[in-house]
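Opening the notebook on this one.

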Amino acid sequence: MFVQSNIVAAGSALREKWCALPQKIYSGRPIDKGYPMKRREFIRDIAAAGAGVFVFRSASKIFAQTVPGRIEILMDEPLGTISPNIYGHFTENLSGVIYDGIWVGENSKVPNVGGIRKELIDEMKKINPAIVRFPGGCFADSYDWRDGIGPVDKRPRRTNFWNGGEKPGAPDAHRYDPNRFGTNEFVQFCRAIGAQPYLAANLRSLPAQEFNRWIEYCNSPRGSTTLADMRAAAGFKDPFNVHYWGVGNESWGCGGNFTPQEYAVEYRRFTAWAPGYPGADLSFVASGPNDDKWDWTRGFLEEIVRKGKNEVRGIFGLALHYYAWNLSRGKTSDWNRGKGDAVNFDVVDWYELLRQGDVMESLIKGHWLAMGEFDPEHHIKLVVDEWGPWYKPGSELTPGDQLEQLPTLRDAVFSGMTLDTFNRHPEKVGVGCCAQLINCLNSLYLAHEDRFCVTPVGHVFDMYAAHQGGTGLRTEFSAPAIHYDRDGQAASFWGLQGSASLHGKELVLTAVNPDVKNPIEAQIAIRGGRVKSGIATALTASDIHAHNTFEQRQAIVPTTAQIEIKGDTPVFRFPAASVAKLTLTLA
Ligand code: AHR
């Protein structure tokens, strides 16, 4: 049985997730292709148009009941600047993420830019990806950065951390890391898409000196050090100027199995006197809690400030990881048995996943409060560098790709809701990285060889990019709660939620309507401003399971329409099961 894999051998005290993970990775269960992949048909509602409102509506919901809603944007209650970095990404050297997803090789028949998949670059440029994290994840604490630099034909092949979960017959590059894609190639990828690199250092299995040397390789000025010369020999005379450095990953588990106090000591040792260079101030991200592990947050910071209260000033961020995975409706907390299917789900599963995602709000608030006990001035930001739904195996577009799943409209709503949550806390959330960019978990893109598609999650990132750098505004949403039957128990979920940001004369409002059946017609009151015109973009479908595939790349795509303003008030009908963006131009 696979539990004898290196993942489990890494330590018996690793959390259940790691022990359990490989057993079910290849259930071999085919996805049910039985549901209809209807092309979305948006209908302009004649009656509503008469009232000055253009609506998006899917054909199958034509008899649904429109429910009333209200949104109030408070122009004079700014929340802070929404960092573009909360629209970040995560690329781990895990199965098909790097090799096949990002890296196809210079000699590939797949169109590429220096070996990097061109279609991915082109798509990513549209979403303004501010920051990308690499090389893990758990992989990071097994990685020797030196293996991935220097002449490509001299780079060693190593056993990938995730080797144990790979199916027999998996591509060699997924089992044994060829190190063809290393620091240089990652930085090239970041440059091609216009993002900052965020490197995760190995704290579990390399000494602190190697962390310092990796910084030196990346940031020392041209000609200054032997490592700068090695960088130049690879074609990069000028420093990479990498600002963001993760100091280990999930150090409570795969990253060393530390207590928070032990990790704090390691963190201090790794970061003390790390080399700084002109043009690259260092922003360290400490390995933080998993979901609601307040003890980790407190234990780590308590130990950090034991050395002096100003020690918090050296920490840019505390990483928070949160995956929504338990769709068992309260029946189990078993990592394997609790997971649901990515594509074959019922309406209750839809709401259950969103309820799980909604927990992000309380995690941000809760960890922020705990951080404030030791860092009252809040020097340290939350870095949510892994988030997204995590389903059981079986929906992979590329059979055999470990942890690949097929994102649907449900994941788009989940992602919109999560990004809105980040937007509502701009002073707390410094970085966010969706797990993961391509061919893994909550992917924005899926790719295999010469095939590629943008998932509904990718479309949400495209829509929400408009918030980047704006001033978050307090916004109140109200709509009737949704009630549903949770296996005989009454359950409910909120009706409408979102966020707003101001960019000069442009107001960006995003919101999700989680109701699978009913659209919400909401009046949008702008307190302290007047809207001249508006454009709406909505992502929805007649089938809540809608998703894109290599064959049906446009099965679910956003659609845009003009919003008519009635008097001073824009009114918008948020389609059932949708993510929407309203761009309002102020007078
Ligand atoms: O994203 C997959 C894995 O989930 C990462 O490697 C790890 O950090 C997390 O637990």
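This is a predicted model: local features need pLDDT of at least 70, side-chain atom pairs count only at pLDDT 80 or more; totals for chains, interfaces and linings use all residues.

Started with helix 12, residues 409-423. I find it lying across strand 1 (67-81), strand 19, strand 20 (506-513), strand 22 (531-539) and strand 26 (578-586). Against strand 20, helix 12 runs at about 135°.

How many residues of helix 13 are buried? I get eight of the nine in 456-464, so I'm calling the helix mostly covered, given that buried means under 20% relative accessible area. The buried ones are Pro 456, Val 457, Gly 458, His 459, Val 460, Phe 461, Met 463 and Tyr 464.

I traced ten strands, in the order 23-22-26-20-19-16-1-21-25-24. The sheet is open and its pairing is mixed. Which strands sit at the edges? Strand 23 (559-563) and strand 24 (565-566) do, each pairing on one side only.

I zoomed in on one pair, strand 16 (residues 471-478) with strand 19 (residues 497-503). They run antiparallel, with three bridges between them. For Thr 471, I found that the bridge partner in strand 19 is Leu 502.

On to the cysteines. I count one disulfide in the structure. Which residues does it join? Cys 138 and Cys 254, with the sulfurs 2.1 Å apart. I read -80° about the S-S bond, which makes the link left-handed.

What does the link tie together? Cys 138 is in the loop between strand 5 (131-134) and strand 6 (158-159), while Cys 254 is in the loop between strand 9 (244-247) and helix 9 (260-271), so the bond connects parts 116 residues apart in sequence. Both ends are covered: Cys 138 is buried at 2% relative accessibility, and Cys 254 is buried at 3%.

Last one looked up was Cys 190, which counts as buried at 1%.

Notes: Residues are numbered from 1 along each chain as its sequence is written. Side-chain values use heavy atoms; hydrogens and water are left out. Buried means under 20% relative accessible area, exposed over 50%, partly exposed in between (1.4 Å probe, protein chains only). Helices (H or I, at least four residues) and strands (E, at least two) are DSSP runs, numbered from the N terminus. A disulfide is a pair of cysteine sulfur atoms within 2.5 Å. Two strands pair if DSSP finds at least two bridges between them. Contact means heavy atoms within 4.5 Å. Axes are lines fitted to C-alpha atoms, for helices over the stretch in contact, and angles run from 0 to 180 degrees between N-to-C directions.
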